[in-house]
Each structure stands twice: as structure tokens, then as C-alpha cells.
Amino acid sequence: MTPQATGDTLRGAVSLRHLSKAFTLNGQPLPVLRNLSLDIRAGESLAIVGPSGCGKTTLLRMLAGLEAADSGQVVIDGRPVAGVGTERAVIYQEPRLLPWLTVLENVAFGLEVRGIARSVAQDRARRHIRLVGLSDFENAWPRQLSGGMAQRVGIARALTVQPEILLLDEPLGALDAMTKLTMQEELARIWREENVTMILVTHDLEEAIFLADRVLVLSADGTPPALIPVDLPRPRDRNGADFVRMRRM
Ligand code: ADP
């Protein structure tokens, strides 16, 4: 895997430094993250798993700059960040496409709001629509798409702003089992081809192992998180011996 590079500089490295976060529940503090430190390499794929309520989405929102830490820092490419930034793009379970825009217009929209001319924005959008295999559907409306196709549009839309870091929150959670398998293969390919750092929240351990270099396991009871390296060759083949052997462990 070649990390994204600009000149000699690797882009998309993320460091979590002593991150802590608590919410308040019925007047009592509810600690969610306790002093979490972790370095994620540029171009790495990290999955975050753990039981419901353990803080996966909160952590992803902090990485996205949508939630502030009580203490600690998120550092990207050596710079502490606060708030959202164009070097990060988020993909949610529901792509929430704008129903009055076509596929092409939905994907180009994020560039146009940044002031990029429509023709340039649409050219860039077309490249990513091709990457997710939807060139024939450029002029389709969101209501004409299946769930998997809509999520592909969501992925193209996120990639079009050329992020260094893709943050994915249960991106395949709403899809049927067969579509999910296909989309996992697609995400693996897109991650390889686009050279982005990928940080993926999932409740699906098999998906985590298929897509990630390392798996961060959070707990809901205050037990410190675990970090598990996935020591399997890439690209991983679902039908190949490696994956079958892994599943039987
Ligand atoms: P997960 O994604 O692992 O299911 P979350 O990060 O969504 O977990 O939530 C972690 C805990 O923090 C849960 O107990 C949840 O109820 C609580 N929580 C999340 N967001 C808020 C909020 N804005 N206010 C209060 N509690 C919250």
C-alpha cells in the first residue's frame, strides 16, 4: 500500500493523543473514552469495533471534528486539528443524497459549494462515479437507485473532495447481506486505488478483519481498548484459503 504522498510528504497520518470524553447521563458523568492514544499511519486501514454504546461513533465524530474532546488532541499530519477540515470526509450508514439532484449533481455538489466551477466539478465527479461503477447512472435520480447504488454514490461524493482520510460510520450497515459482501470488496479496492487512510466503524468483525490492517476494540465497561494487527496478505480474497482459515479460528 502506497500512502498518499505530496512530494516526499506522507499525507493522512492521524495521531490520537490522550483523548478523553464523557457525556452526562441523569446528572452523572458517563465516561466514553478514557485517555486514548493511538498512531494511525498514512494509508493505513483501521477498523473500530466494540459493543453498542462503547463510543465508536463518538470517536469517529471526534476524528471528523464534529465532537470536541474533553481533553487530548487529534493530530493530522503533525498538526493538531479542531473542527472539520477538507482533508477528512465522512461516509455515514445512510448516504442522504439530495433527491432533487441527479447522481452527477449530487457528487459534484460538494465541490461546487467550495466554489469550484460546475464543469470542473462535474469532470472530477465523473471520475469518481466511474470508480464506483455507476457511469451509466450519472443522470439517474436518487429514488431510482438501490441501497447499494446509493451508498456507492455516497462514497463517490466523499472521494471527490480528495480527502486524505476517509471516516466511515457503519457504511454498509443498512445493506442486505449479498450487497454488503460486494461493497466490502469495492471498499477494499477503492481504498487501494485512492491511497487514502481509512478509519471504519463497524459492528461486523468479519468486515473489520477483511478491510483493516489493525482493529481497535473498544469496551463499554471501562476496560482499556485492545489493538489487534490483522496479519493477512492483501488483497484479501474471500474465496481464498486465507479468509476461510481465518474464519475457522
Ligand atoms: P457506539 O457508536 O459504540 O454505539 P456512541 O459513541 O454512539 O456508541 O455512544 C457512546 C455512549 O455515549 C452511549 O452510552 C451514548 O448513549 C452516549 N452518548 C453519545 N452521544 C451522546 C450525547 N450527545 N449526549 C449524551 N450521551 C451521548
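Cys 54 touches Leu 218, Ser 219 and Ala 220, leaving aside residues up to four places away in sequence. The model is predicted. In it, Cys 54 sits in the loop between β5 (45-49) and α1, and this residue is also one of those surrounding the ligand.

**Cys 54**
- Cys 54 counts as buried because it has 21 C-beta neighbours inside 10 Å, where the cut-off is 20 or more.
- Between the C-alpha atoms of Cys 54 and Thr 102 the separation is 37 Å. These two residues are 48 residues apart along the chain.

**Ligand shell**
- The residues around the ligand are Phe 23, Leu 30, Val 32, Gly 50, Ser 52, Gly 53, Cys 54, Gly 55, Lys 56, Thr 57 and Thr 58.
- Two elements, β4 (28-40) and α1 (56-64), each supply at least two residues of this shell.
- Helix α1 gives the largest share, three residues.
- Sorted by class, the shell holds six polar, four nonpolar and one charged residues.

**Helix α2**
- Helix α2 spans residues 103-112, and its buried residues are Val 103, Leu 104, Asn 106, Val 107, Ala 108 and Leu 111.
- An α-helix has 3.6 residues a turn, so residues three or four places apart point the same way.

Technical notes:
Residues numbered from 1 in each chain as written. Predicted model: local features only at pLDDT ≥ 70, side-chain atom pairs only at ≥ 80, totals over all residues. Buried ≥ 20, exposed ≤ 12 C-beta atoms within 10 Å, placed from the backbone. Helix = DSSP H or I, 4+ residues; strand = E, 2+ residues; numbered from the N terminus. Near = placed C-beta within 6 Å. Nonpolar A, V, L, I, M, F, W, Y, C, P; charged D, E, K, R; others polar. Contact = placed C-beta atoms within 7 Å.
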